[in-house]
Amino acid sequence: MIEYGSMDVSHILDSLNEPQRNAVASPASNLLVLAGAGSGKTRVLVHRIAWLLQAEQASPFSILAVTFTNKAAREMRGRIESLLGQSFSGMWVGTFHGLAHRLLRSHWREAGLVQDFQILDSDDQLRLIKRINRSLQIDEDKWPAKQCQWYINGQKDEGLRAANIEHFDDDYSKTMLEIYQAYEQACNRGGMVDFGEILLRAHELWLHNPQILSHYQKRFRHILVDEFQDTNAIQYAWLRVLAGTDNQMMVVGDDDQSIYGWRGARIENIQQFNVDFPEAEILRLEQNYRSTAIILQAANKLIANNQGRLGKTLWTEDGEGETISLYEAFNEQDEARFIVDRLQDWFGAGNRRSDSAVLYRSNAQSRELEDALLRVDMPYRIYGGHRFYERLEIKNALSYLRLLVSRDDDTAVERIINVPTRGIGGRTLELVRSLARSENCSLWQACVKSVNESHLSARAANAVLAFLELIDELDSACKQLQLHEKTEHIIANSGLLQHHEKEGGEKARARIENLEELVTAASNFDDVTIYVENHEQAPSETAAEFEPDSKAFLAAFLDQAALDAGDTQAQESDDAVQLMTLHSAKGLEFELVFMAGMEEGLFPHKMSMNNISGLEEERRLCYVGITRAKKKLYLSHAESRRLHGDVILCRPSRFIREIPDELVDEIRLKTSISHIPSRPDRNSRSLGRRVGGDIEIPETELSLGQRVAHGKFGEGVILNYEGQGPNARVQVNFDAAGSKWLVLSYAKLEVLA
DNA sequence: AAGGCAAATGTTTTT
DNA sequence: CATTTGCCTT
């Protein structure tokens, strides 16, 4: 029995290894834990919190733990509670956005918000930007709304408001800034906050309100952060301020698994932590409990190619395990067929399909795999695509509910004013919009005005009136109803259900099912504690109002729908093969893992392979993929692949070469297919080039798949040709410049080794 | 207001 | 190639 003081803490420390135990029971105020893949990262966090609560007798109210997803937050709270056998409602465990949102709801006034501010998800945000761009008369082709959204979110991730951005004189900067400004104004006018805004406001709340900051600084003595390598600038700044000089901070992360640089994550925050907390204790967790020695060795060797790592080498007490298998497929169909064959063998040997996963770089690759799986009737679960609360029909239903909370919710009005269609066309809507603009009022008010003051044709006025009356009717009918009854009533009486019913077809059936699922979700929404804790300042006052039939309850449901978009699939299907991108595989593990499409241009992706930081992030992604595998790893690549319609030749990914040969076995099919050009053998792969056997271009020294250099376009691969000799035209896919047709006699191509 | 057709577009994703 | 989008017709 391990005692701490007079407390028996063996249940917290017993199951841990030495470094894990050091982290969990560390007396240091600040801790940086560099935790390799599969080294028990979450476990250390969970046990550390348990340690604080029990051994150090910390109050649950003094603990704030941050994760990246709601799922991770739920899991963490659950694990702490099951470890200690009780629940701790005073503890804050959540995502950055969840926690920041909670602060803003409590301190809306100090944060400069209206009390019933609405959350914009990225879809709402994009629609708003489109509307703004239209009113600013911005050329949609030149400045796509998507790009503007990217810009705005990028600035917010860096903690920058429009007013803070120094303006440059080029077209791009000027236009983006103009849009950003207009967007900020629109959000403020409408009482809307997007995801980035939640973080930004929460940070400003600290800066502008010393008394509030000091309250939370005194409260949260223990701050714990998971996936620290994925924090962006504003998130770290927020943490930094909260930590102040006195609070204890434990951050856990793995610089080698940072794969979200493209959306603002900063690995440098790890170094910054060392600067900000120079006395912090640094611990490494390198013992891996997941994979075989061979898999770990492959991962270690691969990631060693990255510069500037903090340095970590995974090891295991387990055996070597099976070698990694490499398959060179003829094309993507062959690849899919190969994978499915192996999956069938695996399942036939008595294994569970759900212990296997196929990982790929981009979602488009799933199609071929799905086809192949469908053909042999093997169940699969595919991650990706629209999450539950992001689906069209769900968002529409939620918009009706939002109007019950506030009629002035323009986002909701825009969405459903004519869904289902009720004769309010583009022209009418435009009139209402401009009225709203000139009167500086909400769309709802503009609708009322336009009807009362007969700005509209009789027909249009009728349609608008019908909309206004419908919402009012729904509202009064819902007044006394419970949340799930409200939801049900809205779906049935808004016309949405009939709308989808008469639509017909497979898609519509799924939509109706989703709407039914929404009612279930509403009746499951009973997490009252979350809301009540939001209002710790005045619990007696608000708790009473917070009944399942209250407006506040509905608003809380809508908030959670916005902040936690739910799962991709309604229910976990039973034993099924898991298909997902490498990004979504982070944090998961499988006995058997396939990494498909290991080809230059696809993985590393061509958009990321031009600069070192992009390439290194791709390599980390590969590292993440490899370390998902517990027992057996297959890598595959195709010689040719159909991409955007035409067939391109592919070279094996450099990442394959970066794994030592002795860890890899190349699989060859027993029955070789005669019309396939002979494959380069293993030697050629090691040399990193394709040789022999390929189709030669007549009367030239070139052949398909050959690597060449061009004076202007740089290096590339020959994809196709027409004609022969000096007059031949060749299609070259340049690494940087893309695919071009060139006449040989003019192009002066240099043949590369 | 709905359906049809041409044009555009095609990394990764959470909140 | 396949899917989504926006524009144009009815």
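How many of the 6 residues of strand E3 (residues 30–35) are buried? In this predicted model, 6 of the 6 are buried, so the strand is largely enclosed by the rest of the structure.

**Strand E3 and its partners**

The cover extends to both faces of E3: Asn30, Leu32 and Leu34 are buried on one side, and Leu31, Val33 and Ala35 are buried on the other. Strand E9 (residues 248–253) pairs with E3 in the parallel sense through 5 bridges, and within this pairing Leu34 has Gly253 as its bridge partner. Strand E10 (residues 281–285) also runs parallel to E3 and is joined to it by 5 bridges; here Leu32 is partnered by Ile282.

| Strand pair | Sense | Bridges | Example of bridge partners |
|---|---|---|---|
| E3 and E9 | parallel | 5 bridges | Leu34 and Gly253 |
| E3 and E10 | parallel | 5 bridges | Leu32 and Ile282 |
| E13 and E14 | parallel | 3 bridges | Ile382 and Leu579 |

**The seven-stranded sheet**

An open sheet of 7 strands has the order E13-E14-E12-E15-E16-E11-E19, with parallel pairing. Strand E13 (380–382) and strand E19 (664–667) each have a single partner strand and stand at the edges, so one side of each lacks a neighbour in the sheet. From one strand to the next, the twist averages 25°.

Helix H13 (residues 293–303) lies across strand E11 (324–329) and strand E16 (629–638), and runs at about 55° to E16. Helix H14 (residues 332–348) lies across E11, strand E12 (356–360), E14, strand E15 (590–595), E16 and E19, and its direction is at about 155° to E16.

The axes of helix H21 (residues 483–493) and helix H23 (residues 505–524) come within 7 Å and cross at roughly 160°. Because angles over 145 degrees count as roughly antiparallel, H21 is described as roughly antiparallel to H23. The crossing is right-handed. On the H21 side, the contact involves Leu483, His484, Thr487, Glu488 and Ile491, which meet Leu515, Leu518, Val519, Ala522 and Ser523 of H23. An α-helix has 3.6 residues a turn, so residues three or four places apart point the same way.

Helix H28 (residues 612–626) has 15 residues, which at 1.5 Å a residue should span 21 Å; its end C-alpha atoms are 21 Å apart, in agreement. H28 is mostly covered, with 13 of its 15 residues buried.

Terms used. Residues numbered from 1 in each chain as written. Chains lettered and ligands numbered in written order. Predicted model: local features only at pLDDT ≥ 70, side-chain atom pairs only at ≥ 80, totals over all residues. Heavy atoms only, no water. Helix = DSSP H or I, 4+ residues; strand = E, 2+ residues; numbered from the N terminus. Expected span 1.5 Å × (residues − 1). Buried < 20%, exposed > 50% of the residue type's maximum accessible area, 1.4 Å probe, protein only. Pairing = 2+ DSSP bridges. Axes fitted to C-alpha atoms, helices over the stretch in contact; angles between N-to-C directions. Parallel < 35°, antiparallel > 145°, perpendicular 65-115°, else oblique. Left-handed = near helix turned anticlockwise from the far one by under 90°. Contact = heavy atoms within 4.5 Å.
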